[in-house]
Amino acid sequence: MASIIKSELDWPAPSNIHAFVTSRQGGYSTKNFSSLNLAFHVDDKLDLVARNRALLQASVSRDLTFQWLRQIHSASVFQVDSSGPEKKGDGLLCKKAGIVCCILTADCLPVFFTNKHGTEIAIAHVGWRGMSKGIIQNVVNTMESNPREVITWLGPAIGPCHFEVGEEVKFIFSQSHWPDMLRHEMQRCFSCAGDPKKYFLDLYQATKVILNSMGISEVYGGDECTYCQEEKYFSFRRDGDTGRMVSAIFIEP
Ligand SMILES: [Zn+2]
């Protein structure tokens, strides 16, 4: 049996909170999806994805169940009390033990949340669209925890070295209904690319700016680039039709 590679998060979460990110290695998929593609919605063979998902299930305790999302670059957040069919949205929040809250990415940013008591967790799928619609703010506002008691970790995403966007993205951010201070800070997350109509967006820095503006000062991770790290991660920008990694968090049963 293949063995999948999962990285535990390097953050000071309570000991009953478990979280991990898969790499692209150790699965059954081939070609563009080689090898641990965990997404059914891409053009991979469904039986191979099912075998990869079985590897994922086998890598965790048997009493855990998985909650998946059908991600739509929205600001929709769901609180789950039991695992069920996939939800259409981009954030999951959970206070019950034993439910593995999952998101799938290949460049977008997975943001993990827990409070310091280990009683509430959340995870969000953050690309520029969801960010401009307020997905991060919605997660923080939906959490019961005081933001000062929330710690976060930013998973593998496309870095500022490779996330080139058009001027329309910078414009959309400049028009958002955010406080003036936040809007100003967000504009500083865009740096000039070679072409005058292109910018590099620092998704990590932009996420930190939003979290800080919500009162969350403990932000960890955020130092990888899926595009640069070809051996380890899928990257949609680099490879187009490709696989997805899983980012997952749960409260220990
Ligand atoms: Zn890069």
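**Notebook: contacts, strands and helix packing**

I began with Ser-23. Leaving aside neighbours within four places in sequence, I found Ser-23 in contact with Ile-5, Leu-36, Lys-232, Tyr-233 and Met-245. I note here that the model is predicted. Ser-23 sits in the loop between strand S2 (17–22) and helix H1 (46–58). I took one of these contacts, Ile-5, and looked up the spacing. Ser-23 and Ile-5 are 18 residues apart in sequence, and their C-alpha atoms are 5.9 Å apart in space.

Next I went to strand S8. S8 covers residues 99–105, and seven of its seven residues are buried. I checked which way they point. Ile-99, Cys-101, Ile-103 and Thr-105 point one way from S8. Val-100, Cys-102 and Leu-104 point the other way.

I then looked at the pairing of S8. Strand S3 (residues 65–67) pairs with S8 in the parallel sense, over three bridges. In this pair Thr-65 stands opposite Ile-99. Strand S16 (residues 245–251) runs antiparallel to S8, and five bridges join the two. Here Thr-105 stands opposite Met-245. I had already met Met-245 as a contact of Ser-23.

How many other C-beta atoms lie within 10 Å of Ile-103? I get 27, so Ile-103 is buried. Not counting residues up to four places away in sequence, Ile-103 touches Leu-69, Gln-71, Pro-110, Ile-123, His-125 and Ser-247. I also looked up the spacing to Ser-34. Ile-103 and Ser-34 are 69 residues apart in sequence and 19 Å apart in space, C-alpha to C-alpha.

Then helix H3. H3 runs over residues 135–142, and its buried residues are Ile-135, Ile-136, Asn-138, Val-139 and Val-140. What covers the buried residues of H3? The cover includes the strands S5 (77–80), S7 (91–94), S9 (109–115) and S10 (121–126). Helices H2 (128–133) and H6 are also part of it.

I paired H6 (residues 203–213) with H5 (residues 180–187). Their axes are 9 Å apart, and the helices pack at an angle of about 160 degrees. That makes H5 roughly antiparallel to H6, because angles over 145 degrees count as such. The crossing of H5 and H6 is right-handed. I listed the residues that make the contact. H5 gives Leu-182, Glu-185 and Met-186. H6 gives Ala-206, Val-209 and Ser-213. By type, the contact divides into four nonpolar residues, one polar and one charged.

Last, I looked at an open sheet. The sheet has three strands in the order S12-S14-S13, with antiparallel pairing. Strands S12 (164–166) and S13 (190–192) are the edges, each pairing on one side only. Neighbouring strands of this sheet are turned by 45 degrees against each other on average, direction ignored. Three bridges hold the antiparallel pair of S12 and S14 (residues 198–201). Val-165 stands opposite Tyr-199 in S14. Which helix lies across S12, S13 and S14? I found H4 (residues 167–174) there, running at about 75 degrees to S12.

Key
Residues numbered from 1 in each chain as written. Predicted model: local features only at pLDDT ≥ 70, side-chain atom pairs only at ≥ 80, totals over all residues. Pairing = 2+ DSSP bridges. Helix = DSSP H or I, 4+ residues; strand = E, 2+ residues; numbered from the N terminus. Axes fitted to C-alpha atoms, helices over the stretch in contact; angles between N-to-C directions. Contact = placed C-beta atoms within 7 Å. Parallel < 35°, antiparallel > 145°, perpendicular 65-115°, else oblique. Left-handed = near helix turned anticlockwise from the far one by under 90°. Nonpolar A, V, L, I, M, F, W, Y, C, P; charged D, E, K, R; others polar. Buried ≥ 20, exposed ≤ 12 C-beta atoms within 10 Å, placed from the backbone.
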